[in-house]
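Let's take a walk through a protein together, one step at a time. Have a look at the sequence and the structure below, and keep them at hand as you read.

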Amino acid sequence: MDWLKTQDSKDRELQAELQQEGKLPQHIAIIMDGNGRWAKERRMPRIEGHRSGVRSVKDIVEACGQLGISYLTLYAFSTENWKRPKSEVVLLMGLLLHYLKSELKELDENNVRLNAIGQLNALPKNVARQLHESIDNLSDNTGLTLTLALSYSGRWDILRAVQTLALDVRGGTLSPEDITEEKFRPYLNTNDIPDPDLMIRTSGEMRLSNFLLWEMAYAEIYVAPVFWPQFRRDQLYEAIRNYLRRERRFGKISEQLLDAKEANDKGSYVRKVLDIFSAKKS
Ligand code: IPE
Ligand code: IPE
Ligand code: MG
């Protein structure tokens, strides 16, 4: 199925409006929460909430691809989620396996690259195998990079990074006084992806639940008031619209940001004039 063919003109307009409104986030990270409560409200078993949540995943992946977002990271299963009742864990793993197989063709047709972070060797063998197969299959794609956080927790990743780094110190390839943010970063699972610009959590909960702790230092946080199965592209557009209205100061003050913007605008004006001038000469 071709996403663009099935996209209606109203949706295309909405996306164009967003693109014109400002610089879209390069990386969106989402804590997909509330599947169980969505099902409970409907007197359905929790797994129905997870099933319905997969439909939200498809819609959000599709919309991000169409918008030209470069990175989407989805918190699908945390280290702590292993503590859930075994029956739910088994059903969740089955759903993940099914998604990885059934969506492969569509993800490929739409140029999506797949990536995974977390303790992947803790996953059931068949899930890990399918995951690696899907990642390999999609590795030549150049569109949206979809990262699934599976058996992931931020503290686990930081500790793992510290352990590897400590080995390098012991091996003599790194000295403790040389450890900077830049030197530390490559040890993290997320080394290939930029820090999230926008972090969305659904179901109204205001906590990080051990997600991307290092990477989230300057992410803009948006809490959606709906459960994950109700979070579809319209809610995504609302989150992005909200993000575009914010001023990201990174510790500075507003005036400094305006000065930098003016200097940048002036610079690009001068560059344009020089371009026209050199085009005339040649
Ligand atoms: C999110 O929904 C999915 C996973 C954590 C796997 P939940 O299953 O946490 O749903 P609630 O929060 O209990 O409603
Ligand atoms: C966070 O949701 C983990 C995922 C979305 C995969 P949880 O439902 O596990 O988080 P808590 O327990 O409410 O903090
Ligand atoms: Mg939850």
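Before we set off, remember that this is a predicted model. The domain assignment divides the protein into domain 1, covering residues 3-248, and domain 2, covering residues 253-282.

Now let's turn to the aromatic rings. How many aromatic pairs does a search of the whole structure find? The search turns up 8 of them. To describe such a pair, we use the distance of the ring centres and the angle of the planes.

Start with Tyr75 and Tyr152. Their ring centres are 6.1 Å apart and their planes meet at 80 degrees. Planes over 60 degrees apart count as edge-to-face, so that is the name for the pair of Tyr75 and Tyr152. Where do these two residues sit along the chain? Tyr75 belongs to strand S2 (residues 71-78), while Tyr152 belongs to strand S4 (residues 145-152). Because of this, the pair ties together parts that lie 77 residues apart in sequence. Are the two residues buried or exposed? A residue counts as buried when its relative accessible area is under 20%. Tyr75 has 7% and is therefore buried, and Tyr152, with 0%, is buried too.

Next, find Phe184 and Trp214. Here the ring centres are 4.7 Å apart and the planes are at 55 degrees, so this pair is called tilted. Phe184 is part of helix H9 (residues 181-184), and Trp214 lies in the loop between strand S5 (198-201) and strand S6 (220-223). The pair therefore ties together parts that are 30 residues apart in sequence. Phe184 is buried, at 9% relative accessible area, whereas Trp214 is partly exposed, at 30%.

For our last stop, look for Gly94. You will find Gly94 in helix H5 (residues 86-102), where its relative accessible area of 38% makes it partly exposed. How far apart are Gly94 and Asn126 in sequence and in space? In sequence they are separated by 32 residues, and in space by 9.6 Å from C-alpha to C-alpha.

Note on methods: Residues numbered from 1 in each chain as written. Chains lettered and ligands numbered in written order. Predicted model: local features only at pLDDT ≥ 70, side-chain atom pairs only at ≥ 80, totals over all residues. Heavy atoms only, no water. Domains from an automatic or database assignment. Phe/Tyr/Trp six-rings, centres within 6.5 Å; stacked < 30°, edge-to-face > 60°. Helix = DSSP H or I, 4+ residues; strand = E, 2+ residues; numbered from the N terminus. Buried < 20%, exposed > 50% of the residue type's maximum accessible area, 1.4 Å probe, protein only.
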